[in-house]
Amino acid sequence: MKNSLFLGAMLSLSTLLVSCGNDKPKETAQTSETAAPVEAAVKTPVFNADSAYALIGKQVAFGPRTPGSPAQKKCAELLQKELRNCCDTVYRQEVSVKGGDGKMLPCINLIGVIHPKAQHRILMLTHWDSRPWADKDTKDKDKPILAADDAGSGVGVLVEMAAKIKSFGLPDNIGVDILFEDVEDYGKEMWGENSYCLGTQYWAHNPHVPGYKADFGILLDMVGAHNALFKMESQSTNYARDVQADVWKAAADAGFSSYFPYTDGGAITDDHIPVNQILGIKTIDIINLGGTMEQPFAPHWHTHNDNMSVIDKNTLKAVGQTLLQVVYSTAARNKAS
Ligand SMILES: [Zn+2]
């Protein structure tokens, strides 16, 4: 993925034009909103980008993790083992989903749960499958991509985040659910938007726990590249404006505002859509929108250049530390409840 909608691009253009003229009033509103109570600094563990980077390398070493490939099976075993090390309970959903070409595709969703009984829950998700085609490349367009950034990076960040939560500890009333969803990137524009995000669509209709709910959700997609820019994706704003504001504030509190500008990034069809629409969990997308108006993603998107050479530990650190800031500020906010 991700499929930038034409409508999204138009919206983004119009909002950009509007926001150009409105920059100052916006900032003033922002300051007055956040300035009232002075919060004590939240204590968080320190995210280790080296560990996240190493786990991306291990995934990529299997080769492309496409549906039905031996690499898919091997990588699922690795991810399940990683989740077992840092979560209290691990669920595995192994099913078949129907691709846009009518093929039945093996799909393995893995869910790691921290504090299964906690009443306040945060959902964090990312896809772990590789796109079977390098359709944005100039050569070998029909071959699968290594997907270091567009799959590997989100997994690397979430496992290291969970490991740090485990060693640092987390209040009992806060739970974190980590969903590694499969078969996200088997979509094509000609097959329609529903051909993407097949693993998440399945999970949203069949969650690991019946009646599953979370206070909010955060999707990671392409969170590991050099010069990443996590602009404010506008479907996230539509569905979960307050969550997006909290996450961008957490990024600033953690010292990573430069990666999380208050800039409209346009609308992206991604895994947060089924979570918002089917489960009604307010979920945002943290996605690298550092490209151009015509092509909002980084130049390595859906090409064979999406390999370890594009991964930058500074970006992994910015995202991982921001997520830890979100988790522990949520814990601080819910202390009394
Ligand atoms: Zn993709």
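Which strands and which helix do the buried residues of helix 5 pack against? They pack against strand 2, strand 3, strand 4 (120–127), strand 5 (174–181) and helix 7 (272–279), where a residue counts as buried if 20 or more other C-beta atoms lie within 10 Å of its own, as exposed if 12 or fewer do, and as partly exposed in between, with C-beta atoms placed from the backbone. This is a predicted model, in which local features need pLDDT of at least 70 and side-chain atom pairs count only at pLDDT 80 or more, while totals for chains, interfaces and linings use all residues. Residues are numbered from 1 along each chain as its sequence is written.

**Confidence and overall make-up**

- The protein chain has a mean pLDDT of 90, and 88% of its residues reach 70 or more; pLDDT is the predictor's confidence in each residue, from 0 to 100.
- Over residues 5–38 pLDDT stays under 50, and the model has 24 contacts beyond four places in sequence for this stretch. Where pLDDT is low, the predicted coordinates should not be read in detail.
- The protein chain holds eight helices and eight strands, which are DSSP runs numbered from the N terminus (helices are H or I with at least four residues, strands are E with at least two).
- Of the 337 residues in the protein chain, 51% are buried.
- Among contacts between residues at least 6 apart in sequence, 82% join residues at least 24 apart, a contact being two residues whose C-beta atoms, placed from the backbone, lie within 7 Å.

- Six strands form an open sheet with mixed pairing and the order 2-3-5-4-6-8, two strands being paired if DSSP finds at least two bridges between them.
- Strand 2 and strand 8 (283–287) are the edge strands, each pairing on one side only.
- Neighbouring strands of this sheet are turned by 20 degrees against each other on average, direction ignored; axes are lines fitted to C-alpha atoms, for helices over the stretch in contact, and angles run from 0 to 180 degrees between N-to-C directions.
- Strand 2 (residues 89–98) runs antiparallel to strand 3 (residues 104–114), to which 10 bridges join it, and Gln93 has Asn109 of strand 3 as its bridge partner.
- Five residues lie between the strands in the hairpin of strand 2 and strand 3, where Gly102 takes a positive phi near 90 degrees.
- Eight bridges pair strand 4 and strand 5 in the parallel sense, and His120 stands opposite Ile174 in strand 5.

**Helices on the sheet**

- Helix 3 (residues 70–86) packs on the sheet by touching strand 2, strand 3 and strand 5, and its direction makes about 10 degrees with that of strand 3.
- Helix 5 lies across strand 2, strand 3, strand 4 and strand 5, running at about 60 degrees to strand 3.
- Seven of the eight residues of helix 5 (residues 198–205) are buried, so this helix is largely enclosed by the rest of the structure; among the buried ones are Gln201, Tyr202 and Trp203.

**Core and a buried helix position**

- The largest nonpolar core has 98 residues, and those with the most contacts inside it are Met124, Leu158, Ala162, Ile178, Ile286 and Val327; such a core is a set of buried Ala, Val, Leu, Ile, Met, Phe, Trp, Tyr and Cys residues joined through C-beta atoms within 7 Å.
- Helix 4 (residues 148–168) supplies the largest share of this core, 10 residues.
- Ala251 belongs to helix 6 (residues 234–253) and is buried, with 24 other C-beta atoms within 10 Å.
- Ala251 lies 71 residues from Thr322 in sequence, yet the two are 4.8 Å apart in space, C-alpha to C-alpha.
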